[in-house]
Amino acid sequence: MKVAVLGAGAIGAYVGAALHRAGADVHLVARGPHLAAMRQHGVRVLSPRGDFTARPHATDDPAEIGPVDYVFLGLKANAYAACGPLIAPLLHDTTAVVAAQNGIPWWYFHRHGGPHDGHRLESVDPGGSVSAVLAPRRAVGCVVYAATELEGPGVVRHLEGTRFSIGEPDRSVSARCLAFSGAMVDGGLKCPVEPELRGDIWIKLLGNISFNPISALARATMRQMCLHGGTRRVIEIMMNETLSVARALGCEVGVSVERRLAGAERVGDHRTSTLQDLERGKPLELDVLLAAVVELADITGVEVPTLRTVHALSDLLALRSAA
């Protein structure tokens with residue numbers, strides 16, 4: 001199995017190191033000091049489950065790699081439309097793209113069935129720019145339940161969780177999913193093949209759609225948001241509105257809002273990825289988290305006044321931070 005990790009940051013390098021340990025032919029695509037460190041020392045993984053070092057090939061030029069069986073996409077979703085020159089050399093006719101993204105993916109309605117089958121969401125696939133680069137037929141969905149961070153160039157700190165749920169848009173248990181899952185498991189990770197992966201997408205989105213934009217607007221940690229009564233109530237409303245949109249699309253989410261809030265409070269003084277991006281002057285990944293659900297509410301006729309308000313405020317924040 002030949003795998004390229006495009007965007008070998010904390011999650012991508014962690015997955016690449018695990019797959020390499022399982023015997024896969026792994027190639028990491030990165031840049032800067034992180035790339036230099038991986039070339040010289042490999043990927044050092046520091047984990048409560050045991051530290052290890054893997055030495056897969058690392059490069060900034062995908063043409064060195066050539067076509068692969070799987071591309072594990074570790075880029076932020078707002079970088080997908082521009083990744084064409086990077087991903088093109090990695091593709092052959094049957095290359096699968098395992099997209100480890102938060103929020104609503106560009107392939108959401110691909111082979112979905114029902115009245116919205118094949119619908120393109122403008123918020124996540126503007127003008128079809130993402131589909132033109134990442135054909136939906138290649139997509140294998142991936143919901144990440146692992147937490148990692150780059151402790152330094154070439155050094156990944158694994159904090160918790162090893163689950164990477166994957167699934168086909170058409171809900172089939174495909175040979176390509178089973179093969180990728182097997183390699184991930186051999187590398188020490190959990191990788192269940194979920195026919196109803198969209199349910200996992202909504203479960204994770206419950207937290208991302210609320211905590212991420214609020215954390216950026218309030219400059220607050222998870223614990224601070226949960227302990228502030230008014231903010232906690234806003235987040236609860238946002239979660240309930242999100243569940244209403246999911247139900248309107250035929251997706252019943254098997255987790256309560258209170259359980260989701262309790263889990264978030266246990267995380268403690270963690271800064272969300274959106275808040276970290278804001279502090280570092282990076283683009284905010286809010287379209288797939290929030291704008292997409294507002295667009296889905298328009299499609300389904302669900303009332304989401306609080307989501308609309310927070311979207312308007314966070315969208316202005318994103319525009320001002322990018323200026």
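Predicted model: local features only at pLDDT ≥ 70, side-chain atom pairs only at ≥ 80, totals over all residues.
To find the spot, select Gln 101, Gly 103, Cys 142, Val 143 and Ile 201, which are the closest to the cavity's centre among the 15 residues that line it.

Now colour by element. β8 and α6 are the elements that give two or more residues to the lining, and α6 has the largest share, with 5 residues. By type, the lining divides into 9 nonpolar, 5 polar and 1 charged.

Next, select the strand from that pair, β8 (residues 139–144), and bring in β11, its antiparallel neighbour, joined to it by 4 bridges.

With the helices still on screen, pick α5 (residues 175–186). This helix packs on the sheet and touches β6 (70–73), β7 (96–100), β8 and β11, and its direction makes about 165° with that of β11. Then go back to α6 (residues 197–218): it also packs on the sheet, touching β8 and β11, with its direction at about 40° to that of β8.

Last stop: hide the helices and take in the sheet. Its 7 strands run in the order β5-β2-β1-β6-β7-β8-β11, open and with mixed pairing. Look at the two edges, β5 (57–59) and β11 (164–167): each has a single partner strand, so one side of each is left without a neighbour in the sheet. Turn the view along the strands to follow the twist, which averages 20° from one strand to the next.

How values were computed:
Residues numbered from 1 in each chain as written. Heavy atoms only, no water. Pairing = 2+ DSSP bridges. Axes fitted to C-alpha atoms, helices over the stretch in contact; angles between N-to-C directions. Contact = heavy atoms within 4.5 Å. 1 Å grid on protein atoms, 1.4 Å probe; cavity = no way out; pocket = protein on both sides within 12 Å on 5 of 7 lines; lining within 4 Å. Nonpolar A, V, L, I, M, F, W, Y, C, P; charged D, E, K, R; others polar.
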